[in-house]
Amino acid sequence: MDAFPDILEPLIAAGRVLLDGARFVVDPVLGPIRLAVARQTLRIYAGAAAAGSVTYGVAAVQEQQIRFYSRIFGFRQISEPRDYGRLNAKLALMGVDLRQHSSRAFEDLDLDQIGLEPTASSATP
């Protein structure tokens with residue numbers, strides 16, 4: 001909230017309930033179970049959206065992730081990249097109106113195809 005109060009506060013004041021999807025991260029240390037954990041975190045997100053208890057999804061992402069969030073999750077960029085806490089990288093705020101976006105989009109993702117884990121065909125020897 002500290003980095004984007006000018007955007008988030010009006011959304012909240014308008015009655016939107018926000019879910020920060022970028023908080024669902026998977027530690028690479030998990031190795032082979034990383035993909036399964038990623039799928040479960042997306043199901044949590046999709047479940048909240050489907051229940052109607054959340055109306056708007058947000059994610060603070062690095063510039064190189066903007067196209068990914070837009071293409072895969074249907075987010076749109078709603079801020080310019082800004083300083084974000086003590087991070088060295090600037091982050092842009094992305095958003096998606098979950099009342100208009102199908103929660104099935106999150107449930108049906110093929111995580112192998114979006115680069116969360118290397119597949120046998122894409123792994124380097």
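A: Helices (H or I, at least four residues) and strands (E, at least two) are DSSP runs, numbered from the N terminus. This is a predicted model, where local features need pLDDT of at least 70, side-chain atom pairs count only at pLDDT 80 or more, and totals for chains, interfaces and linings use all residues. Residues are numbered from 1 along each chain as its sequence is written, and side-chain values use heavy atoms, with hydrogens and water left out.

Let's begin with helix H1, which covers residues 5–13. Its residues Ile7, Leu8 and Leu11 are buried (under 20% relative accessible area; exposed is over 50%, partly exposed in between, with a 1.4 Å probe and protein chains only). Looking down the axis of H1, you would find its buried residues within an arc of 85 degrees, so they line one face of the helix; the arc is taken from the directions between the helix axis and the C-beta atoms. Among what covers these buried residues are strand E1 (18–20), strand E2 (56–62) and strand E4 (91–97). Covering here rests on contact, meaning heavy atoms within 4.5 Å. Just after H1 comes Gly15, with a positive phi of about 95 degrees.

For contrast, here is a spot further along the chain. Phe68, Tyr69 and Phe75 form one aromatic cluster (ring centres of Phe, Tyr or Trp, by its six-membered ring, pair within 6.5 Å; planes under 30 degrees apart are stacked, over 60 edge-to-face, the rest tilted). Tyr69 and Phe75 are both buried, while Phe68 counts as partly exposed because its relative accessibility is 22%.
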